[in-house]
Amino acid sequence: MNKTLQMNNTLNKLGNYGIVPVVVLNDSKDAAPLAKALCDGGLACAEVTFRTDAAEESIRIMSEQFPEMLVGAGTILTTEQAERAIAAGAKFIVSPGLNPEVVAFCLEKNVPITPGVVTPSEMEQAIKLGLKIVKFFPAEPSGGLAMIKAVSAPYTMLQFMPTGGINPTNVREYLKYDKIFACGGSWMVKSSLIDSGDFDAITELTKEAAKIVAEIRG
């Protein structure tokens, strides 16, 4: 498989899941049981935020022990972080903002990157960099679905992954809109559940999230 096809294949898989669990891990011992809970729940993917000391090792554990899982790194701010995340096994990169240097680095490594944008100017910058999928962040505080619908009209080539304030109450409306690639959400992987080791609850919440995607997208 050539590298462009490989990148597209990764993005297609991510889009098919519809909801991407956004995970904060403070201890790498929780990585394997969390990965199992997500896989058992029907969402074999995760964006592991790179803002904790345990993130790098957690990505490595999840990638190695659950090879069927699509594990990515979020909150990537520098090329150095991107390099470490990719070396640990991250299959995709997500960043809160659009850093052209980080985007170029990831594309050079043939790793999909979804940078955060809010404004039309940022969207045009993303298009210029050759991107077709962007993160809309923070989604709800930035106008939510109404804002995405407004800005997507002139940028027909873009699809959006809204993250920030997405929950079981509003995710259905997002998923119904054809410009939504997937939604990032953390309600099924709350830190309190991870820290208390309640992975059964995470599995159940993940099943409910996967069911919502199936209802909307079939």
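In the predicted model, helix H1 (3–17) and strand E5 (113–117) each contribute at least two residues to the lining of the largest pocket. H1 provides the largest share of this lining, with 5 residues. The volume of the largest pocket is about 350 Å³. The pocket is lined by 16 residues, of which Asn8, Leu11, Gly130, Lys132 and Ile133 are the closest to its centre. By residue class, the lining comprises 9 nonpolar, 6 polar and 1 charged residues.

Packing between helices was examined for H2 and H10. Two packed helices are described by the angle between their axes and the distance between the axes. Helix H2 (residues 31–41) packs against helix H10 (residues 199–217) at an angle of about 35 degrees, and the two axes lie 7 Å apart. The crossing of H2 past H10 is right-handed. On the H2 side, the contact involves Pro33, Leu34, Ala37, Leu38, Asp40 and Gly41, which meet Phe199, Ile202, Thr203, Thr206, Lys207 and Ala210 of H10. The residues of this contact between H2 and H10 fall into 7 nonpolar, 3 polar and 2 charged.

A further site considered was Gln81, located in helix H4 (residues 79–88). Gln81 has a relative accessibility of 16% and therefore counts as buried, the cut-off being under 20%. When residues up to four places away in sequence are not counted, Gln81 touches Phe50, Thr75 and Ile76.

Technical notes. Residues numbered from 1 in each chain as written. Predicted model: local features only at pLDDT ≥ 70, side-chain atom pairs only at ≥ 80, totals over all residues. Heavy atoms only, no water. Axes fitted to C-alpha atoms, helices over the stretch in contact; angles between N-to-C directions. Helix = DSSP H or I, 4+ residues; strand = E, 2+ residues; numbered from the N terminus. Left-handed = near helix turned anticlockwise from the far one by under 90°. Contact = heavy atoms within 4.5 Å. Nonpolar A, V, L, I, M, F, W, Y, C, P; charged D, E, K, R; others polar. Buried < 20%, exposed > 50% of the residue type's maximum accessible area, 1.4 Å probe, protein only. 1 Å grid on protein atoms, 1.4 Å probe; cavity = no way out; pocket = protein on both sides within 12 Å on 5 of 7 lines; lining within 4 Å. Points joined across faces, edges and corners; volume = space filled by probe spheres on them.
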